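Dear colleague,

Please find the structure below, handed over for your files. My notes on it follow.

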Amino acid sequence: MCGLNLGFIVIMIGLVAETEIGESMRFELESGKTKCIAEDIKANAMTVGKYSIVSPGEGQPLPDSHKLVVRVSSSKGNNYHLGDQVDSGTFGFLATESGDYTTCFWANKHKPPVKMTIDFDWKSGVAAKDWSKIAKKGQIETMEIELKKLYDTVASIHEEMFYLRERYETIMAVIIAVNS
């Protein structure tokens with residue numbers, strides 16, 4: 001019976017906990033252009049991202065022309081990250097609302113135009129394993145509260161299962177006594 005209870009708890013945690021996948025990609029961006037990438041993220045999901053411009057010559061330093069403006073924002077217009085004239089960066093936050101979060105990359109205009117290759121890794125939910133390196137103290141406290149709520153929910157379900165089992169045994173004993 002203990003194995004059944006444990007299995008039920010694992011299923012409940014799976015239903016309650018959100019698991020979202022991460023995206024890692026590489027794309028080209030021409031100077032003077034913009035590229036935006038959106039991801040649907042649930043409220044209270046941890047999100048981390050890392051981006052960098054790939055050097056056009058292997059082992060060579062990046063040219064001065066290879067700079068970006070990077071902004072991460074929610075569908076409601078809240079800004080979560082801004083990198084101005086950078087060649088790489090990271091961001092991390094706890095999503096406050098569900099919906100599409102967008103990361104936009106802007107490249108400065110150059111004559112002649114240059115193409116930049118950008119590595120971008122964006123993870124949310126369970127896939128965001130490195131969040132502790134980026135998260136702020138307040139975000140960790142919020143996550144801790146949510147985990148305590150989840151634990152309390154699982155404990156409540158566990159207690160309810162024992163209560164229902166006791167009621168079932170009592171009812172079965174009455175039915176057996178009446179039929180005897």
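Of the 180 residues of the protein chain, 30% count as buried; here buried means under 20% relative accessible area, exposed over 50%, and partly exposed in between, with a 1.4 Å probe and protein chains only. This is a predicted model, in which local features need pLDDT of at least 70 and side-chain atom pairs count only at pLDDT 80 or more, while totals for chains, interfaces and linings use all residues. Residues are numbered from 1 along each chain as its sequence is written, and side-chain values use heavy atoms, with hydrogens and water left out.

Overall layout. The protein chain has three helices and eight strands, in the order α-β-β-β-β-β-β-β-β-α-α from the N terminus. Helices (H or I, at least four residues) and strands (E, at least two) are DSSP runs, numbered from the N terminus. Taking contacts (heavy atoms within 4.5 Å) between residues at least 6 apart in sequence, 75% join residues at least 24 apart. The accessible surface of the protein chain is about 11,600 Å², and carbon and sulfur atoms account for 56% of that; areas come from the Shrake-Rupley method with a 1.4 Å probe, and for residues only the protein chains shown count as cover.

The sheet. Four strands make an open sheet, ordered E2-E7-E4-E5, with antiparallel pairing. Its edge strands, E2 (34–41) and E5 (79–86), each pair on one side only. Two strands pair if DSSP finds at least two bridges between them. Strand E4 (residues 68–74) and E5 run antiparallel and are joined by six bridges; Val69 has Asp84 in E5 as its bridge partner.

Ser73 also lies in strand E4. Is Ser73 buried or exposed? Ser73 is buried, because its relative accessible area is 10%. Leaving aside residues up to four places away in sequence, Ser73 touches Asn78, Asn79, Tyr80, Asp100, Tyr101 and Thr102.

The surface. Tyr168, Ile171, Met172, Ile175 and Ile176 form a nonpolar patch with about 480 Å² of accessible area together. Patches are made of residues with over 30% relative accessible area and no salt bridge, like charges being joined within 9 Å and nonpolar side chains (Val, Leu, Ile, Met, Phe, Trp, Tyr) within 5 Å. A salt bridge is a side-chain nitrogen of Lys or Arg within 4 Å of a carboxyl oxygen of Asp or Glu. Met172 belongs to helix H3 (residues 137–179) and is partly exposed, since its relative accessible area is 32%.

Regards
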